[in-house]
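Me: I would like to go through this structure feature by feature. Please give the general idea where there is one, then the case at hand.

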Amino acid sequence: MRDTVMPSMIEFPDQNASKIKDEIVRFNHRLAETGLFTDEALAQLLDEYPRDQVTICTMRENPPPAERWIAGDADGLSGAELVEAARRGRLWISPRTAMTDHPKYRAVFDKIMADFSKETGVQVLRGSAAVLISSARMGVFLHVDAAETMLWHVRGDKTMYVYPPKDELISERSLEAILLKETLSDLPYQPWMEAEAIPVALAPGEAVSWPIHSPHRVVNGDNTNVSVSVEYTTRRSMLTNGVLCLNGRLRREMGLNPSARSVPGVLKPAYWAANKAWQKLAPPKHNALASHGRQFDVDLSAPNCVRWRPGFGPQATAKAA
Ligand SMILES: [Fe+2]
């Protein structure tokens with residue numbers, strides 16, 4: 001009988017798989033070989049996936065780190081037209097849960113996470129991933145993710161800038177605010193932070209993982225980009241976030257000044273359990289949701305494929321100034 005075991009989708013050069021939780025780690029992957037990330041496959045995905053679950057936004061080219069993206073709609077456009085707009089325009093298009101909600105992509109997601117665990121020894125409790133289709137010179141602004149994150153890059157070129165999760169760059173108080181949903185994941189940017197940035201250039205077939213709670217931002221090269229952004233939770237990140245959430249509530253509701261760094265590992269499960277119980281008894285009051293008003297529609301006949309709605313866009317901004 002033939003051996004039908006699929007080869008691993010992931011390969012770590014230089015034995016660096018064991019550093020995955022503590023350092024910026026690069027590795028190689030074979031996502032492109034699935035055939036699910038060609039223009040044709042992405043067009044079909046966008047036709048089969050609920051359009052209201054697709055994030056569509058625009059921004060200035062090579063956006064400065066502290067800028068924010070602008071949301072738009074793409075009602076009535078086919079998947080092929082949307083892919084064409086990403087190729088010609090200034091757009092960031094993401095079917096947010098495609099990797100877990102679309103059966104064909106789900107099978108690939110399950111395979112890459114199984115291979116990731118096998119290669120690194122990381123036990124993943126749960127995970128999700130988004131497909132990202134973005135135009136040349138678009139980007140992601142400075143932010144921090146609550147969960148462990150990695151980026152699997154499939155097409156085009158991009159550079160990721162990772163900043164160490166030091167207190168001067170991301171304080172425990174601001175991390176707590178993000179985890180307690182008082183604020184979104186965006187971070188204030190100061191030019192002096194650039195001295196701390198570690199640039200990671202990504203070519204097709206390359207991926208990068210960074211330590212949890214490291215601030216980061218991304219800028220595309222001069223070509224259309226396709227990537228998969230993966231978020232996952234491990235026991236370690238679950239406990240870390242449990243400590244931060246509990247401390248956040250102690251700081252805000254009891255006036256204490258706790259430090260997550262001083263909590264010994266042996267006590268973290270107790271912090272996590274206490275936070276769970278507190279959440280159940282008295283859920284946190286905040287719920288910062290990304291509610292972005294739509295300012296444009298994707299239109300293949302408009303400049304940069306962005307048709308601004310009345311009152312929005314560079315001309316409206318210039319008039320207001
Ligand atoms: Fe991120």
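Me: Does Cys305 count as buried or exposed, and how many C-beta neighbours lie inside 10 Å?

Reply: The model is a predicted one. The cut-off for a buried residue is 20 or more other C-beta atoms within 10 Å. Cys305 has 26 C-beta neighbours inside 10 Å, so it counts as buried. Cys305 is placed in the loop between strand 14 and strand 15 (306-308). Its phi is positive, about 60°, although Cys305 is not a glycine.

Me: Which phi does His213 have, and where is His213 found?

Reply: His213 is not a glycine, yet its phi is positive at about 70°. It is found in the loop between strand 11 (206-209) and strand 12 (216-220). His213 is buried, with 23 other C-beta atoms within 10 Å. A further positive phi, near 65°, belongs to Lys181, which follows helix 5.

Me: How is the packing of two helices described? And at what angle do the axes of helix 5 and helix 6 cross?

Reply: Two packed helices are described by the angle between their axes and by the distance between those axes. Here the axes of helix 5 (residues 172-179) and helix 6 (residues 235-253) cross at roughly 100° and come within 9 Å. The two helices are therefore roughly perpendicular to each other.

Me: Which residues make that contact?

Reply: Helix 5 contributes Glu172, Arg173, Leu175, Glu176 and Leu179. From helix 6 come Asn241, Leu244, Cys245, Asn247, Gly248 and Arg251. By type, the residues of this contact are four nonpolar, three polar and four charged.

Me: Why do residues three or four places apart in an α-helix point the same way? Then, which residues of helix 5 are buried?

Reply: An α-helix has 3.6 residues a turn, so residues at a spacing of three or four point the same way. In helix 5 the buried residues are Leu175, Glu176, Ile178 and Leu179. Seen down the axis of helix 5, they fall within an arc of 160°, so they line one face of the helix. These buried residues pack against helix 6.

Me: Which residues of helix 2 (residues 79-88) are buried?

Reply: Gly79, Leu82, Val83, Ala85 and Ala86 are the buried residues of helix 2. Their arc around the axis is only 155°, which puts them on the same side of helix 2. Their packing partners are helix 1 (39-48), strand 5 (92-95), strand 6 (126-134) and strand 14 (296-298).

Me: Which residues in the largest nonpolar core touch the most other members?

Reply: This core has 72 residues, and those touching the most other members are Leu82, Leu91, Ile93, Ile133, Val228 and Val298. Helix 6 supplies the largest share of the core, five residues. Take Ile133 as a case: neighbours within four places in sequence aside, Ile133 is in contact with Leu42, Val83, Ala86, Ile93 and Val226.

Me: Where does Thr97 lie, and with which residues is Thr97 in contact, leaving aside its neighbours within four places in sequence?

Reply: Thr97 lies in the loop between strand 5 and helix 3 (98-101). With neighbours within four places in sequence left aside, its contacts are Gln53, Ser128 and Ala130. Thr97 has 17 other C-beta atoms within 10 Å and is partly exposed. From Thr97 to Leu180 the C-alpha separation is 22 Å, across 83 residues in sequence.

Me: How many residues apart in sequence are Pro7 and Arg30?

Reply: Pro7 and Arg30 are 23 residues apart in sequence and 9.8 Å apart in space, C-alpha to C-alpha. Pro7 is found in the segment before strand 1 (10-11). With 9 C-beta neighbours inside 10 Å, Pro7 counts as exposed.

Methods:
Residues numbered from 1 in each chain as written. Predicted model: local features only at pLDDT ≥ 70, side-chain atom pairs only at ≥ 80, totals over all residues. Axes fitted to C-alpha atoms, helices over the stretch in contact; angles between N-to-C directions. Helix = DSSP H or I, 4+ residues; strand = E, 2+ residues; numbered from the N terminus. Parallel < 35°, antiparallel > 145°, perpendicular 65-115°, else oblique. Contact = placed C-beta atoms within 7 Å. Nonpolar A, V, L, I, M, F, W, Y, C, P; charged D, E, K, R; others polar. Core = buried A, V, L, I, M, F, W, Y, C linked by C-beta atoms within 7 Å. Buried ≥ 20, exposed ≤ 12 C-beta atoms within 10 Å, placed from the backbone. Arc of directions from axis to C-beta.
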